[in-house]
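These are my notebook entries on a structure that I had not consulted before. I record what I looked up, entry by entry.

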Amino acid sequence: MKQKAIYPGTFDPFTNGHLDVLERALNIFEEVVVVIAENSQKHALFTAEEREAMTREVTCDYPGASVEVLHNGLLVDYARQVGARAIVRGVRQVKDFEYEFQMSLLNRQLYPEVTTVFLMPNVKYTYVASSIIKEVGMLGGDVSKFVHPCVLEMMHQKREEQNR
Ligand code: PNS
């Protein structure tokens, strides 16, 4: 049976750290669906469609990867619907764990067959969080080392839109 995992997140924007985690997930699972979702605690800069477009472009050379948007509803319901038994989450620092622990146990409560798999990106991405990349990029700082050129271009366009 093909082992399928979902890799959910807000991906606002999709960073090289996310790509590193995706590559690691593809070493374990045959199919990984990157799920662009909403986090009720965050206000996204990019629309779900923009995040979908950038993530598709960044991941287009990875045969086992696909990208979908979860417009509403629970992540675990989506996992059940697509037959995924694993949820991949990237953890960069110990402080990420409290939230991740809570979310994974809650998801397991809601869908006992699902297992959350935590993957650590390369240590060089420890400080690469979408929130900080967004802040620096939107203030005109150089974030080209941390995101794909297409993401850089979309950030540039967003900045121009906001300054209009
Ligand atoms: O990248 P993030 O913001 O840490 O990702 C959080 C995300 C989007 C995975 C989480 O908020 C989520 O799963 N949202 C979908 C709705 C849902 O199922 N919420 C309950 C999570 S326990």
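**Entry 1: Leu45.** I located Leu45 in the loop between S2 and H2; helices (H or I, at least four residues) and strands (E, at least two) are DSSP runs, numbered from the N terminus. Leaving out residues up to four places away in sequence, I found that Leu45 touches Asp12, Glu50, Lys134, Met138, Lys158 and Gln162, where contact means heavy atoms within 4.5 Å. I also looked up the pair Leu45 and Glu161, which are 116 residues apart in sequence and 12 Å apart in space, C-alpha to C-alpha.

**Entry 2: basis of the values.** I note that this is a predicted model, in which local features need pLDDT of at least 70 and side-chain atom pairs count only at pLDDT 80 or more, while totals for chains, interfaces and linings use all residues. Residues are numbered from 1 along each chain as its sequence is written, and side-chain values use heavy atoms, with hydrogens and water left out.

**Entry 3: the ligand.** Which residues are closest to the ligand? I found 15 residues around the ligand, the closest being Thr10, Asn39, Lys42, Leu75 and Arg89; a residue is counted as near if one of its heavy atoms lies within 4 Å. I then looked up polar contacts, which are pairs of N or O atoms within 3.5 Å; within protein, one must be able to donate a hydrogen and the other to accept it, and residues adjacent in sequence count only if both atoms are side-chain atoms. An N or O atom in the side chain of Lys42 is 2.7 Å from an oxygen atom of the ligand. For the side chain of Asn39, the distance from an N or O atom to a ligand oxygen is 2.9 Å. Leu75 takes part through its backbone, with an N or O atom 2.8 Å from an oxygen atom of the ligand. On its own the ligand has 540 Å² of accessible area, of which the protein covers 82%; such areas come from the Shrake-Rupley method with a 1.4 Å probe. Strand S1 (4-9) and helix H4 (97-110) are the elements that give two or more residues to the shell, and H4 gives the most, with four residues. I noted the division of the shell as seven nonpolar, five polar and three charged residues. Here Ala, Val, Leu, Ile, Met, Phe, Trp, Tyr, Cys and Pro count as nonpolar, Asp, Glu, Lys and Arg as charged, and the others, Gly among them, as polar.

**Entry 4: Asn39.** I returned to Asn39 and placed it in the loop between S2 and H2. Is Asn39 buried or exposed? Asn39 counts as buried because its relative accessible area is 14%; buried means under 20%, exposed over 50%, and partly exposed in between (1.4 Å probe, protein chains only). A polar atom of the Asn39 side chain lies 2.9 Å from the backbone nitrogen of Gln41. Setting aside neighbours within four places in sequence, Asn39 is in contact with Thr10 and Tyr99.

**Entry 5: the loop between S1 and H1.** Phe11 is in this loop, and its phi is near 50 degrees, a positive value in a residue other than glycine. Phe11 is buried, at 3% relative accessibility. Pro13 lies in the loop between S1 and H1 as well, and the peptide bond from Asp12 to Pro13 is cis, with omega near 5 degrees.

**Entry 6: the largest nonpolar core.** In soluble globular proteins, nonpolar side chains tend to be buried together. I looked for nonpolar cores, that is, sets of buried Ala, Val, Leu, Ile, Met, Phe, Trp, Tyr and Cys residues joined through side-chain atoms within 4.5 Å. The largest has 34 residues, of which Tyr7 and Val88 touch the most other members. Among the elements that each supply at least two residues of this core are helix H1 (16-28), strand S4 (86-90) and helix H6 (149-163). Apart from this core lies another, of 13 residues, including Leu70 and Tyr78.

**Entry 7: Val88 and Val21.** Val88 is in strand S4 and is buried, with a relative accessible area of 0%. Beyond four places in sequence, the contacts of Val88 include Tyr7, Val21, Phe29 and Leu119. Val21 is found in helix H1 and is buried at 2%. The C-alpha atoms of Val21 and Gly90, 69 residues apart along the chain, are separated by 6.0 Å.
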